Amino acid sequence: MIKVIVAQFKNSYKQWGGVLALLSISAVMIGFCFNGSVSVFSLSKQTFLNAHNPLPIFILPLVFGGITLIIISSGVIKLAIVSLQKEYVLWSLLGTSPLQLTLLIGGQLFLIGSISGIIGYILSPSLKFKCNTNQLDLSD
């Protein structure tokens with residue numbers, strides 16, 4: 001079944017490309033917010049004793065952006081599945097059971113999610129590092 005999932009994914013990679021881009025961007029955003037909030041939280045409480053706590057800068061995009069991304073991602077995934085509906089009907093005409101068809105669609109979604117998660121895992125720490133090196137010294 002894994003060979004069939006990979007072959008079907010390779011056949012319909014153009015349709016899954018938009019989903020991959022959206023999920024990769026969302027993985028980078030979520031990873032950046034988690035990395036930033038963990039970095040801020042791991043600092044000692046003495047650091048932010050007389051200053052503003054920057055933790056909400058990372059938490060608010062995570063909450064509101066996460067809700068928005070769930071809504072948008074579900075719509076984009078649904079659109080990709082509808083665009084591939086002809087191929088799925090063809091698979092069912094060839095004799096696949098509904099369980100096999102569900103495994104095929106779920107396997108393709110697993111591939112897309114895994115690839116975008118790896119992209120987010122790789123890019124989000126480097127984005128956090130780049131933002132840390134570009135900070136201005138406002139201690140005047």
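This is a predicted model: local features need pLDDT of at least 70, side-chain atom pairs count only at pLDDT 80 or more; totals for chains, interfaces and linings use all residues.

Reader: What makes up the fold, in helices and strands?

Author: The protein chain has 5 helices and 0 strands. Along the sequence the pattern reads α-α-α-α-α.

Reader: How much of the protein chain is buried?

Author: Of its 140 residues, 25% are buried. The protein chain exposes about 9800 Å². Carbon and sulfur atoms supply 73% of that area.

Reader: Which share of the contacts in the protein chain joins residues at least 24 apart?

Author: Take the contacts between residues at least 6 apart in sequence. Of these, 82% join residues at least 24 apart.

Reader: What else describes how helix 2 and helix 3 pack?

Author: Two packed helices are described by the angle and the distance between their axes. Here the axes are 9 Å apart. The crossing of helix 2 and helix 3 is left-handed.

Reader: On to single residues. How do you know whether Leu69 is buried or exposed?

Author: Leu69 has a relative accessible area of 16%. Buried means under 20%. Leu69 is therefore buried. Leu69 sits in helix 3, residues 55–83.

Reader: What does Leu69 touch, beyond residues up to four places away in sequence?

Author: Leu69 touches Leu22, Ser26 and Met29. Ser26 is 43 residues from Leu69 along the chain. The C-alpha atoms of Leu69 and Ser26 are separated by 6.9 Å.

Reader: And Ser124: why does this residue count as buried?

Author: The relative accessibility of Ser124 is 3%. The cut-off for buried is under 20%. Ser124 therefore counts as buried. Its place is in helix 5, residues 98–133.

Reader: Which residues are in contact with Ser124, leaving aside neighbours within four places in sequence?

Author: Val28, Gly31, Phe32 and Asn35 are in contact with Ser124.

Reader: What lies 2.9 Å from a polar atom of the Ser124 side chain?

Author: The backbone oxygen of Gly120 lies at that distance from the side-chain polar atom of Ser124. A polar contact needs N or O atoms within 3.5 Å. The value for this pair is 2.9 Å.

Conventions:
Residues are numbered from 1 along each chain as its sequence is written. Side-chain values use heavy atoms; hydrogens and water are left out. Helices (H or I, at least four residues) and strands (E, at least two) are DSSP runs, numbered from the N terminus. Buried means under 20% relative accessible area, exposed over 50%, partly exposed in between (1.4 Å probe, protein chains only). Contact means heavy atoms within 4.5 Å. A polar contact is a pair of N or O atoms within 3.5 Å; within protein, one must be able to donate a hydrogen and the other to accept it, and residues adjacent in sequence count only if both atoms are side-chain atoms. Accessible areas come from the Shrake-Rupley method with a 1.4 Å probe; for residues, only the protein chains shown count as cover. Axes are lines fitted to C-alpha atoms, for helices over the stretch in contact, and angles run from 0 to 180 degrees between N-to-C directions. A crossing is left-handed if the near helix is turned anticlockwise from the far one by less than a right angle, and right-handed if clockwise.
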